[in-house]
Structure formats: C-alpha cells, structure tokens
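Dear colleague,

Please find the structure below, together with its sequence.

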Amino acid sequence: MNLALIVLLPFIGALFPAFLIRSGRNACAYGTGVFTLVAFILLLVQAPAVFSGQVIQARFEWLPQLGLNVNFFLDGLGFLFALLILGIGLLIILYARFYLSHNDPMGRFYVYLMLFQGAMVGIVLSDNILLLLIFWELTSLSSFLLIGYWRHLPEARQGARMALAVTGGGGLALIGGMILLGQIAGSYDLSEILQAGDQIRSSSLYIPALLLILTGAFAKSAQFPLHFWLPHAMAAPTPVSAYLHSATMVKAGVFLLARVWPALSGTPEWFYIVTSFGLVTMIISAWIAIFKDDLKGLLAFSTVSHLGLITMLFGFGTPLAAMAGVFHILNHATFKAALFMSAGIVDHEAHTRDIRRLGGLLFLMPITATLALVAAASMAGIPLLNGFISKEMMLEEAVHTTYLGQDWILPVFATLGALFSVAYAARFAFHTFLGPVRDDYPHKPHDPPFGMWLPVFILVSLVVLIGLLPGLIAEPLVKITTDAVTGGNTPDYHLSIWHGFTPALFMSMIALAGGLTLMALYLPAKSFRERFPRPEAKVIFEAIIEAIAKVSGQITALAHNGSLQRYLAVMVSAIIAVGFAGYLGSTPLGAGERAMVPVNWPGLVAWVLLVAALGATLMYHHHRLFSLILIGVVGMVVSLTFFYFSAPDLALTQISVEVVTVVLMLLALNFLPKETPRESSSLRKLRDLVLSGLAGLGVAGLVYAVTTRGFESISDYHLAESKPGGGGTNVVNVILVDFRGFDTFGEIIVLGIAALAIYALLDSALHGAAQRRLSKWVPEGVRAMDPHPFILVIATRVLLPLALMVGVYIFLRGHNQPGGGFIAGLVVSIALLMQYMASGFSWAQHRLKLDYHGLIGAGVLAAGLTGVGAWFAGRPFLTSDYTYVHLPVIGEFELATALGFDVGVFLTVVGAVMVALANLSRVGRRADAAYEAQEQATDGKEA
Amino acid sequence: MNIGNDILTALPEIFLACSAIALLMLGVFRGEGSSRLIMTLSVTALIVTLGLLLMGPTRNTSAFNDLFANDGFGDFMKMLVLIGAALTMVMAQRYIEREQMARFELPVLLLFSTVGMLMMISANDLIALYMGVELQSLALYVVAAIRRDTLRSSEAGLKYFVLGSLSSGMLLYGLSMIYGFTGTTNFTTLAEIFANGGEVSLGLTVGLVFLSAGLAFKISAVPFHMWTPDVYEGAPTAITAFFAVAPKIAGLALFVRVLMGPFGELVDQWQQIIVFIAVASMLVGALAAIAQNNIKRLMAYSSIGNMGYALVGLAAGTQEGIRAVGVYMAIYLFMNVGTFAVILCMRVNDRMVERIDDLKGLSRTNPLIALALAIFMFSMAGIPPLAGFFGKLYVFLAAVESGLYILAVIGVLTSVISAFYYLRIIKVMYFDEPSEAFDQPIGREMAVVLTATSVIVLLFFIMPSPILESASAAAEAFFPAGP
C-alpha cells in the first residue's frame, strides 16, 4: 500500500502548485516539496526491509484480461532509483524556487515537474511491464512539456519536439518489445519474467524482442546514434536539465537495461550490441564534449558519454560489471546534478553559459566555484572522490573482458574514454572558474542566495563522503541493488579506494595525464578537430524528416492526384492481382467434369455478332448515336440467345426492353453533342487495355470453370411447382407474380421511383442555369425538313390498334404462355411511343389525356391491394388463388388473383415509360421554341 | 412463422426506418426551413433507437427466416454506430445552418444510412448483407454531394459514387461466387457447411477475395482507399465527421461478422488477405499523412491507418482479437468525434478554415480547444495513459497471441511514424506564433461534445470496465462455447 502511495504522492502533488502559486512563490515551492518529502520518508521507512533482502509488493487489479495490473514492487534496484529520484527531486524543487525568475510561470513548472517525478517513480517501482510502459511514455510527455517550458525560445520548441519524437518513438518500439517479452514469458509481471531468463533467451523471438527493447532503452538514454536529442533538450531551464537529463530520466534507459538484465543478458547478441553501442557512445560524445563552448552543452555530451559507460558495463554481462554500473549510476547522479546546478548558477549570475566569455569565477563566486570544482574532479575520476572508484571498477572490468577475441580492444578504448572525460572536466573547471578575473562578463557574478547553493552543497558532500568512505556509505546500497540486478549473484567485492597496483590504476594514471595534456594542447586539438567534417545530428535529423515528408508528398501526389481513372485503375489492378494470386495459389481451377458442347452455326453467328458489336463499340464509342445502335445489336443477340435456349418469354421481355430503352436514350441523346471528347492518351489506353484484358481473362477462366462443373438447378423445382403452387404454366410469370411476388412488387416500386427521379431531374433542366444553357442550345447537324414524315405517321396509326390488341393478348395469356403484365406494358408503351415519335408530342398528348404519375401510383396500388387481398383469405401477403373463367370469344382461360397483380405491373410500366417520354418531350419542345426564336431573330436581322 | 417475434427482434431497425420515413414526410409537407426541427427529431429518433436496443430482451436470436441476427456483437457495434451518428448529427446542425445548406433531406438521408448500417451489422445472409450495404452507401453518395452547387462537393460525391459502384459490383460478384459454390446464402448454413468439413474450392476462395475487396472499400482499407482523402476533403466538414465514424464502425463490424461468422472456420483462407490489407493500410496511413497540410485530408489518412490497426485484431481471428476490435472501434469513435468537433470549430472571420497552419498558437488564442485537440492527438498517437494507447495495446496483444509477430511489429513501427504527424499538430498549436483566433463562441452543443469526448479519452484508464466488458461480451457472440 505504501508503495502505491509513494507513486501516487507526486501525482497528487502535481494538482496543487497551480493553486498554491496564488499564495506566493515560497508557498508554491515548499508546498510542492512537502509531497516529495513525504514520499521520500515513506521510502526510507521501507529501507530496513529492503536492506534485509525483502521484496515489498503491492498489487491492484486494473485490466486483468490484458495482464495489465497495477503491481508495484520494491527491491534494491527500485530503491536506489527511487531514492535518487525523490532525493534529488527535493533538492531540485528547492533550487528551482530561486532559479526561476519572476516572469516565469512557476506554478506550471512545478506541475510538470511533479508529473514527471510521479511517472519516473512509477517506472522504477512497476512490477508490470505494461504499467512500466505507461509510466515510460508519461516521462517522455512531461519531459516534452518541461523542455518546451520557455515557449518563447525557438530552440526550446524544436528541442522539445525532437526529444519527444525520439524518446516517444523509442517508447513505442519498447511497447512492441515488451509485448513480445511478455508473450515469451507468459506473464507481464516483471517478477515472473525475471525468473524466466533461460526460456526467454532460448526463444525464437528473443532477437526481435531484444532489438525493440534496446531501441527504446537507447533512445531514452541517448545512446549513439539516437543521442542527438539530449543536447538540444538543454534548452530547458537548468533545474530540468539537472533533474531529467542527467540524474533521472535519461537513466530510465539504463534502469531498463539493469531491470531486464537477468532475463536478457548473457548472450553474445546482448554482449556485442549493448557493449558496442555503449563504447561508441562513450568515446564519441566525450570527444565532442571537450569542444563544446556552452556549459550545458558540454555537460550534456558528458552525460551522454557517462550513460554510454554505464550501458557498456551492463553489456559486459558479468555481475561485477553490473555492480560497477550500478555504483556509477549513483555516483554520476550526484556529481552531474551538482555540476548542472552549478552551471545554472553561473548562467543565472553571469547571464551567460558561454565558456569563452567566462573564467576566473573562483574569485567572484568562491562557494559555487569550490563546489563545482570538486564535482568536476569527481567526474574526471580524481582519487578520493566517488567518480574515481566507479571508474576504476569500470577499467578493471574492461581489462578482464575480451571483445571480438581480442584482449586489448576494450582496455584501450576505455582508457581513451576516460582520457577524454578528464579533458572535458578540466576544460569545464579551468576555463570557467580558474584563470584571471575578467571585466567583460555580461553581468557581474557573485554567489547566489543560500537556497540555491545548498542543494549543490548537499550533493557535493555526498560526492566526497562516498569517495572517502565507500565501504561504509555506498556499499550496502550498491550491494542490494546489484543483488536485484543480478538476481542474487553479487560477487564478494568490497568498495574501497585502494586496491593495490592494479592495471586499472595505471590506466587511470594514463587517462589523467593524457587528459591534462590534451587540455594543455586545447587549441591545436581544436584546430585538429575542425579539419574533419562534423556532422550535426540535428541537421541530419531534420534533413531525414524533410526527406521523408518529401517522399511521402511525392507518393501522395502520384497515388492520390484526384484522378478518378487512376483510382479505378489501382482498384482494378489490386483486385486482379489478388484474384490471380488466389487463382494461381492453390490447385488451378481447370475444366470440370462436364463435356463441352460442340460448336454449331447459330451459336457461332451470334458469338461473332456479339464480339463484332463489342469491338465496334470500343472503336466508335465517341459517336454516341452509333454506339447506341451497337448496344441495340448486343441486346438483339442476347434476346436471340434466350430464344435459342428455349426461353421465349425472356426473349420477348428482352426485345421489348431493348426497344424502349433505345428509343428513350435516342431522345435523350438528342440534347448531347454527337461525339464525346477524346481525353485519354494512348498510354492510358494501353494501360486500360492490359487491365481489361487481364480482368477478362480472369473472368473467362472462372466462367469456363463454373460452366464445366455440374450444378443443381433450381429450375426443376419451379417447373414442378409452377402449376400446383402458382396456377400457371409460364414459369417465369409465376415466379414474377407469385413465388417471387414480393421482389416484383419491390421492383415496380423502384421503377416508379426511377420514373419520378427522371421527372425531377429533367424538370430541373427547365429552371435556372440549365434552362439558360438550354435556351442557347443549337442542334448539331441539319434539322430534318419534315419532322413528321407522312408514311411513318400513317403506318404508326394503323399499327396502333393492332399493337394494343397484341398487348392485351399477351397480358391475358401471360400466366400460362409467354407474356405477362411486364411485357404487355412494354408492348403498349412501344405502340404509344411510336405515336409520339411519328406525329409529334402535342398531337398525341391532345388525344391521350392521362396522368402518367397517377398511372404509376395506380399500378403500385393495384399490385399492393392484390397482395393484401390474400390476407383476407387467411394467407400470407401475395399468395395467389385461381379459378377458370369462360369468355365467349377467347374461350376458357384461367383467372388468377395474380392477374390483379399483373395489372399493377402493367400500369406501372406504361406509366414509367410515358413519364420519361413526356419529360424528354418537354425539354425538347422548350429547346425547339428557343431555337426557333433565335432563327426568327437572325432571319429578321438578315431581312 | 411468427411475424410478431420477428418485428420485436428487429424493433430498433424498424423503428428507425419508420421514423426516417415519417420525418421525410414531415419535411416534404413543412417545406424548407424545417431543417432544425427535423434534425432535432432525428437525433431523438436515434436516441430512442438506442434505448430500444438497450432494452431489447432478445439475445442470440434470429428473425425473418434467419436473415437477420441479433447478438451481443451486433448490440455493441450498433450502440457505437448510433452514438457516433447521434453525436455527429448534433454537431452538424450549426454548421449546416451557417453554410447555407440546411435542408431537411440531410438528416433524413443520414437516418436512412444509419438504418443501412444497423442492417449491415445484423445481416445473417448474403442478400441481407448486400441490402444493408447498399442502403447505407446510396444515402451516403447523395450526402457527400449534398452541396451540389460547389465543385468540390459534387466531385467528391461523384467519385465516391463511381468507385463505390465498382466496389458494390465486386461485392456482388463475390457473393454470387460464394452462393454458386456452396449453394446457400445463409450465414448459419454456410458456417455449418464449413464446420462439417465442407470442401473449400478455389471458386469459393475467389468469391471470398471479391467479398473482402468490396468490404475493404467500405472501410477505406488499402488498396481500396483511394476515395477517402478526396471525399473527406470535398464533402462538407460536418458530413466528413459522419463519414469518419458511423460507416467505418458499421463496415468493420460487417467485415468481422462475415469473416468470423460464416467463414470462421476458414481463418487460413482469409487471414492472409486481412494481414495484407492491414499492413498496407497502416503503412499508407502513416506515410502518406506526413505530407498533408489539410487537416481533413490528414484525418482521412489517419482513418485509413486506424482501420489497419482495427484489422490487425480481426486478422488474429480469435476471441481476444474480436474484443480488441470492439475496444479499438469504441475508442476510435470518441477520438474521431472529438477531433472533428475541433475541426468544426475552425472558423476564422465567419469562414471555415482547414489547414493545419490555421491551428498555429491555438494554445494561446483558445487554450481549452487546444487542450482537447492535444488530448485527441496524443491518444491517436497511442501515447499512454490515453485511451488510444489501450486500443492499440489490445490489438497488438491479440496479434501476438495468435503468433502474428511481424504484423504486430509493423503496427508498432507505423504507430511510431504516425506519432510524428500527430505530434506535429500539437507542436503547431502549442509552440508556434498565433495566427488569427477562431470565432467565438463555438456553441453549447460543441462545448458539451468536446468536453465529453475529451474526458472519456483522457480518463478511460480509470474506468475502462464499461467499454471492456461490453466488448468482451460482444466477442463472445462468435465463440459460444468460449471461456
């Protein structure tokens, strides 16, 4: 319970500063500090238990199905880190009280800081890797807010975003790694994962999990080549740099390495990846640090270098190296936080952090300078200070570790790293504090108020105390921490200043001497460095991002350029590709068991006609009229095919539908240009040809496969049931009006709606912009001299009664012979259409005064009522009944209730066709009138 | 056949359809100017439908000769669809009034489309499926082009229609192949055939491919996503908000229903397709979004990517996977509604703006809206402890548990990439110099929607159980004997 409270306290503390600031800056700072202090004390209360080797746990259920629970545990490692986070946190809160100026919104600062603190404590106490991830990303977020705290500085904005992009991105990679890890171990609880080391290392998922986890850890701990965000994060206020970017947050990465050490370390992959990245980071960033002119920049790169050192130590994979790593974490946190705070004091007092403009501060601000010099000496690894001891241990371990089969590589490079670190520590110390006092500081510096140097003093005291009495002060803590890291395999090793004349001691001496020499030769070294190109990571980062954005832009411009043709092409290609992949993937779908039918003449002729019509449509589709005729040909062939396959009713339907549509389209096309514009390039045509060819092949293959397979036709059922069930022998008609009567009912409604839509659309052509265009319309080509040819008029009028008669006949016989309401409706419509075309609309309209809309309504109503009628007979909607009736001339025929339904179909069809025709004619007459008015106007002018 | 039972089973759908028809009539007879009334009534109808759905006594029942299925999964998804539709319609009214497009047809069409979505979710037959899809799509085609006097809107509608018809064609072709090779259109029968070791012929596989392609279009998954950016950008913003939420949820639900229901035994056949679509969607969604300057286009790519993540859960093909899809879509709903609420607030001098640069310095000109958008963006980027993180966590866990490691890793990597452009918006809002401030006030309903969605997204982690438990119950529908 206490553990949860320790994590929770900083979060609770984050709620208050925003209000406390109204009571003044002191209230705000100290009020915030109380929460950290209580958490710190709660932690110390646990110390005896932790030192006696217990692991304290607190567990709460959150999302148990996911394996995500709020489980905390406190072992040595967690204790060390929590101690650092809360302890240094307290000092930082105190320091920031004096550091922040009156213009800075202090409340916001403490809110972010406490958020960060809580998240950080959460990371180190989590016993659940998913929970750890959540806290992990929270630290990235709060760090983002803190770096961007000074919004007015452009470098703060860039730095914040870069830091978030790198650490947040790394965190997402870590999610992947952790999920894999949990999957291998079968649990997301750390305490269980740590027990499952062998299982994890032998898993096939070990490498991906390792790589993802290391990516996350390296991004957070600023390991090369992901180190570049850290120096830019220095735009944050100095308390933030001291806290997040040296003592705690960047240590989260190495914390993670330490945490998963029992589970992941000990393999060659771990050794080479972790050690190499650590080594390279340590040397490169130490070298860069030497030449940084910005105090914080120098410290930033030195931090990166030290993190590299710790990473390398964990990479070695031996318990003793882990112990050295743990010890160095502690030491680095103390001296580096002290150094950052000193740098902040210098900046605060002298108003500059540029080393070139500083020097001689020892005499102006003696307290600060003394503290900073001690801390810097520790960083350089001067004996009697804590940095010395852990560095010795590191060198000692390097001597005993073989890399790539060579004994000398690690010792040499480790010494080189140590040498560089002496050099930059010396530069920090000498160029800032020693040397003559100058008179050109931007602001005359002096020692800051007590509250500002007190935190530094406390830290430096620790540096000295640990350095003098390592066995007494640090050893128990380091030991229990190492126990936690190595799983109880802590070597029997005593921290002490003097280990005799070991190789490490000589390496230390070389480093010290070399470093000081390098510093003495600072200027030549600097010019030596400047001879080489120095890639600026920030520029590279930005260039990469820009390049990605550009590539992304190009891809988008190419793929999503707004061209519908291209979209269609992509979709069709995709479906062809997937289709063919499926087709070729399994056993090819070849011929089935049915034999092919021999080719016969009618079939061949129809086929040739069809293909020829199709080809001609392709060639001449720009000529609208011609393509319409070709479509008519296709329709004819289709109806002939129906006829050939003994489906006269279908053939009849097809023919009449064909006639009506062609005629109506002919009327509509009249108002469009005779030719469509040519828009496609030949390249596009080629592409489309290939696509359609492939699609055609695929479909042909499918059709071949399907038609050569046997199938169970449902026609037998319908043939058998048609007479007993529906009372008719024309199966198609029985299906339409009875078996599938509901569908037909729906269809005639749709037909009616379509007619109304035609009405609405064409009606809008008589108003507004469309109407203005229509009144300026000039028909292409020559107008016929005689719109109503005499022969045509006579022929249609003679044909009319005949056609009507045929319509009635077809209608009545429909139930048993080919025919029915639908075909009858079409036949009658054709007869009427012909009148309108031959004699003109007004002539016909004058003689047939019918409300076509009403016709449609009546049709639908009739059909519906027939259906309802069945209810009265106690049967479901649209069930038909029939009886036989004898009429004088026609003879005996069958009268089914379906007839009423068929009347509905008939009326709707006629109505729909007539509505379309009437409205097309309206548009036509309006256009004619406008055109004739124009003609007369021009005639008048000519006259 | 007891028609009364059937009607009771489908009561929410029937009620909504009848309300839509009644409102259409009301609109026709009251004429223009009744848009506000009809919008209010439409939202009320949606809420009543939601109530009917929640009170519905029947679970795991089917109606109309097994054409219509009613189960926990359907209830959950329908709930999301109804909430999404209602929220986006609430947000739309002010917008359509200001943009002079307040026509009563709009809410009615949206209602019809919602009915179609509910039908899709409950479809238990290939024909019912097609009917639902078409009812939904046809209404949406019209809605996309509702501003027919502007070029962009009509172009968007036309493109959507042409491409949509093609996809419907594919869908039909696939359906007919499936019918041709199995002899049935009924999902239950299909499932029985495969459960009893029915032969999986190549024709059936091809049918399944075409069916998947048609459905992938509806949820704008790559490579059938091409319409999305253009339609999102071209359609009026309020309509885009609708597009981004309800139809996506319904489409995905249908996808799950079809693949897990009748073809649940054929995981091996369709898993590769879904994995491919998911990977492609996540990649395109992440990469193409980087270069966008228009926030509506950005949201289009973002939704493509999000569909990819949701499909990861489906690809797993397990109960965990389906639960993950449910959780993901629920969170997606709130994040998207919230984000579009912000986009609808982007007005400067009485004119809508939609460039990302227009958000510059929003944290100073309008800190609350900026905070809300920041919450949504962090959530979409998948940064804990916001809701979006849990959505992603669920799908990735499901994928890993089914052994789809590569899929999970690709998902993680693309979310790293997409985090980049979500964070860019936050950077623009918080760190750039302010451009012109947005018009105030944003309206009470906007403030309510924004507050509600951002609180849900922000505090999901404190009370996750309502969504999680409903999603778990939903997933059980496909695993009756499951744990």
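This is a predicted model: local features need pLDDT of at least 70, side-chain atom pairs count only at pLDDT 80 or more; totals for chains, interfaces and linings use all residues.

Residues are numbered from 1 along each chain as its sequence is written, chains are lettered from A and ligands numbered from 1 in the order in which they are written, and side-chain values use heavy atoms, with hydrogens and water left out.

Chain A as a whole

Chain A contains 41 helices and 4 strands (DSSP runs numbered from the N terminus: helices are H or I of at least four residues, strands E of at least two). The C-alpha trace of chain A spans about 130 × 75 × 60 Å along its principal axes. Of its 943 residues, 53% are buried (buried means under 20% relative accessible area, exposed over 50%, partly exposed in between, with a 1.4 Å probe and protein chains only). Among contacts in chain A with a separation of 6 or more, 78% join residues 24 or more positions apart (contact means heavy atoms within 4.5 Å).

Nonpolar cores

The largest nonpolar core has 445 residues, and those with the most contacts inside it are Phe314(A), Leu314(B) and Met329(B) (such a core is a set of buried Ala, Val, Leu, Ile, Met, Phe, Trp, Tyr and Cys residues joined through side-chain atoms within 4.5 Å). Helix H17 of chain A (residues 319-350) gives the largest share of this core, 19 residues. A second, separate core has 39 residues, including Ile748(A) and Leu920(A). Beyond four places in sequence, the contacts of Phe314(A) include Trp261(A), Trp270(A), Ile329(A) and Val485(A).

Leu410(A) lies in helix H21 of chain A (residues 409-433). Leu410(A) counts as buried because its relative accessibility is 0%. Leaving aside residues up to four places away in sequence, Leu410(A) touches, among others, Leu279(A), Phe316(A) and Tyr403(A). From Gly359(A), Leu410(A) is 51 residues away in sequence and 36 Å away in space, C-alpha to C-alpha.

Ser143(A) belongs to helix H6 of chain A (residues 129-147). With a relative accessible area of 1%, Ser143(A) is also buried.

Yours sincerely
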